[in-house]
Amino acid sequence: MTAPTQHGPDAHASVVVARDESGHVAILSAPFPQYGGEYVFLPGGRQEPGENAEECARRELAEEAGVCAERWRHLGTYAVSLNGPARLALYLAEGLTVGEQQLRDTEVDFKLMWWPMEDAIRAAEEERFLLPGGPLALLLANRIIRNGD
């Protein structure tokens, strides 16, 4: 099996549900004109060289949302497609410290919002997420939170 490229469609990635003490989650939005409008998404992105999935999740959360977390829970790792080796790792992050976003040039349009979990799940049901990793992460995190696992 070949190793995934770091920036192509075969790159491993991570997505984070960052949940604060009041139960709100970090939601990002940005325009995606090539897909017909503005969409919401969770912090996350592709692994950099030498990073594992959790390191990627921690870095992406800090960059895109300006958030560091004390507690991390792995929600699962899933294939991105049947046609390549890329895997998507999902995490729940709690015990948050919020600072400044550290956006890259390609992320300057990212707008950070804090939504109740129910509103984030409703946005997933309304197809306001462009990629499927965010909705899956929200549903898995919500199940853990509701069950007190």
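The following legends describe close-up views of a predicted model.

In this predicted model, local features require pLDDT of at least 70 and side-chain atom pairs count only at pLDDT 80 or more, whereas totals for chains, interfaces and linings use all residues. Residues are numbered from 1 along each chain as its sequence is written, and side-chain values use heavy atoms, with hydrogens and water left out.

**View 1. The open sheet of three strands.** The strands follow the order β3-β2-β7, with antiparallel pairing. Strands (E, at least two residues) and helices (H or I, at least four residues) are DSSP runs, numbered from the N terminus; two strands pair if DSSP finds at least two bridges between them. Because β3 and β7 (111-116) stand at the edges with a single partner strand each, one side of each has no neighbour in the sheet. From one strand to the next, the twist averages 35°. Angles run from 0 to 180 degrees between N-to-C directions, and axes are lines fitted to C-alpha atoms, for helices over the stretch in contact.

**View 2. Partners of strand β2.** Strand β2 (residues 24-32) pairs with β7 in the antiparallel sense over six bridges. A26 has W114 in β7 as its bridge partner, and L28 stands opposite L112 of β7. With β3, strand β2 pairs over five bridges, again in the antiparallel sense; here the bridge partner of A30 is Y39. β2 and β3 form a hairpin with four residues between them, and G36 in the turn has a positive phi of about 95°.

**View 3. The open sheet of four strands.** This sheet has the order β4-β1-β6-β5 and mixed pairing. Its edge strands, β4 and β5, each pair on one side only. Direction ignored, neighbouring strands are turned by 20° against each other on average. The antiparallel strands β5 and β6 (residues 87-98) are joined by 11 bridges, and V67 stands opposite V98 in β6. Helix α3 packs on the sheet, touching β1, β5 and β6, and its direction makes about 60° with that of β6. Contact means heavy atoms within 4.5 Å.

**View 4. The packing of helices α2 and α3.** Helix α2 (residues 117-125) and helix α3 (residues 133-147) pack at an angle of about 145°, with their axes 10 Å apart. The crossing of α2 past α3 is left-handed, a term used if the near helix is turned anticlockwise from the far one by less than a right angle. M117, A120, I121 and A124 of α2 meet P135, L138, L139, A141, N142 and I145 of α3. By class, this contact has nine nonpolar residues, one polar residue and no charged residues. Ala, Val, Leu, Ile, Met, Phe, Trp, Tyr, Cys and Pro count as nonpolar, Asp, Glu, Lys and Arg as charged, and the others, Gly among them, as polar.

**View 5. The largest pocket.** The largest pocket has a volume of about 1100 Å³. A pocket is an open set of points on a 1 Å grid over the protein atoms alone, where a 1.4 Å probe fits, with protein on both sides within 12 Å along at least five of seven lines; lining residues have an atom within 4 Å of a point. Grid points are joined across faces, edges and corners, and the volume is the space filled by probe spheres set on the points. Of the 35 lining residues, A13, G44, G45, R46 and L131 lie nearest the centre. β1 (13-18), β3 (37-41), β4 (44-46), α1 (53-65), β5 (67-79) and α3 each supply at least two residues of this lining. By class, the lining has 20 nonpolar, eight polar and seven charged residues.
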